[in-house]
Amino acid sequence: MTTTTHYDDYDVLALIYNEDWISGLFQETIPVLEKLLLTRLTKGSHILDLCCGTGHLAQQLLQKGYQITGIDGSEQMLHYARENAPEARFILDDARFFNLPATFDAVVSTTGSLNYVMKIEELKRVLKNVSNALIENGIFLCHFFTQEEFQSNWNGKISGNVKDDYAWATKNIYNPDTKIGQMSLTVFSLVDESWQRLDKVISEKCYDKEEIIFALETAGFSEISFYDAHYDLGISQMPGSTYFICYKRVNI
């Protein structure tokens with residue numbers, strides 16, 4: 001990884017993600033993977049967890065008997081990932097630029113991580129990198145938050161929590177014209193008996209299903225299916241949490 005591709009936008013989220021957010025997120029993710037992906041893999045399959053965050057999914061998949069490699073662009077996220085899943089391999093890299101040989105049976109990208117890729121051309125590049133890393137007939141499962149989720153969950157929603165040594169609050173706003181959501185985050189941290197404040201705005205892009213399918217096809221994926229975790233799978237309480245699953249087939 002070069003210094004030009006390093007980013008630390010999500011370092012500030014790492015502690016909150018590791019301690020507060022992850023349990024709620026994985027109430028949905030693990031059942032979806034069990035339903036859509038894991039039945040198509042054999043034990044011992046090698047899975048790449050793209051945008052692996054704090055390694056909680058890697059931890060769960062290791063326990064189920066899979067080999068796991070994780071990629072994330074945040075050094076701080078990977079710090080927690082190595083603690084949570086010490087038997088996995090973790091790589092600091094940018095999803096837009098990573099380059100791994102075709103050795104993976106499956107690639108997963110969950111918890112709306114690809115919504116952080118703000119341009120469709122960059123998203124196509126990410127998906128091409130994924131295709132390059134998959135073996136022939138490899139499977140890709142990716143998760144996006146789509147229009148219904150942004151409209152219902154980003155309409156000025158405020159969240160937060162207070163701990164002994166830090167406190168955080170977020171406010172989510174969605175602009176349907178630009179299809180961009182912005183999360184305004186404020187964190188207070190107790191450092192050397194003094195409270196320090198940090199403010200950050202993190203953006204996410206809402207892609208249409210048609211855009212995502214076209215990007216997957218452009219990257220060479222086929223047999224593309226998609227499932228809304230609320231309407232189709234009965235797992236999520238919130239509509240607009242959408243999973244795409246597809247294959248890398250090689251023409252003879």
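1. In this predicted model, contacts between residues 24 or more positions apart account for 65% of those in the protein chain that have a separation of 6 or more. Buried residues, for their part, make up 50% of the 252 residues.

2. The secondary structure of the protein chain amounts to six helices and eleven strands. The radius of gyration is 18 Å, close to the 18 Å that the globule rule gives for 252 residues, so the protein chain is as compact as a globular protein of that length. Taken along the principal axes, the box filled by the C-alpha atoms is roughly 65 × 40 × 40 Å.

3. Confidence deserves a separate remark. The pLDDT of the protein chain averages 93, and 95% of the residues score at least 70. Over residues 1-5, however, the pLDDT is below 50, and this stretch has eight contacts in the model beyond near neighbours in sequence. Where pLDDT is low, the predicted coordinates should not be read in detail.

4. Which residues of helix H2 are buried? In this helix, which spans residues 56-63, they are His 56, Leu 57, Ala 58 and Leu 61. Gly 65, which follows H2, has a positive phi, near 100 degrees.

5. Asp 192, although not a glycine, has a positive phi of about 50 degrees. This residue is found in the loop between strand S8 (180-191) and strand S9 (194-205). Is Asp 192 buried or exposed? Its relative accessibility is 74%, so Asp 192 counts as exposed, the cut-off for that class being over 50%.

6. Glu 223 is likewise not a glycine and has a positive phi, of about 55 degrees, but its place is in a strand, namely S10, which covers residues 221-228. With a relative accessible area of 47%, Glu 223 is partly exposed, because that class lies between the limits of under 20% for buried and over 50% for exposed. A reader going through the backbone may therefore wish to look at Asp 192, with its phi of about 50 degrees, and at Glu 223, with its phi of about 55 degrees.

Definitions and conventions:
Residues numbered from 1 in each chain as written. Predicted model: local features only at pLDDT ≥ 70, side-chain atom pairs only at ≥ 80, totals over all residues. Heavy atoms only, no water. Helix = DSSP H or I, 4+ residues; strand = E, 2+ residues; numbered from the N terminus. Rg over C-alpha atoms; globule rule 2.2 N^0.38 Å. Buried < 20%, exposed > 50% of the residue type's maximum accessible area, 1.4 Å probe, protein only. Contact = heavy atoms within 4.5 Å. pLDDT = per-residue confidence, 0-100.
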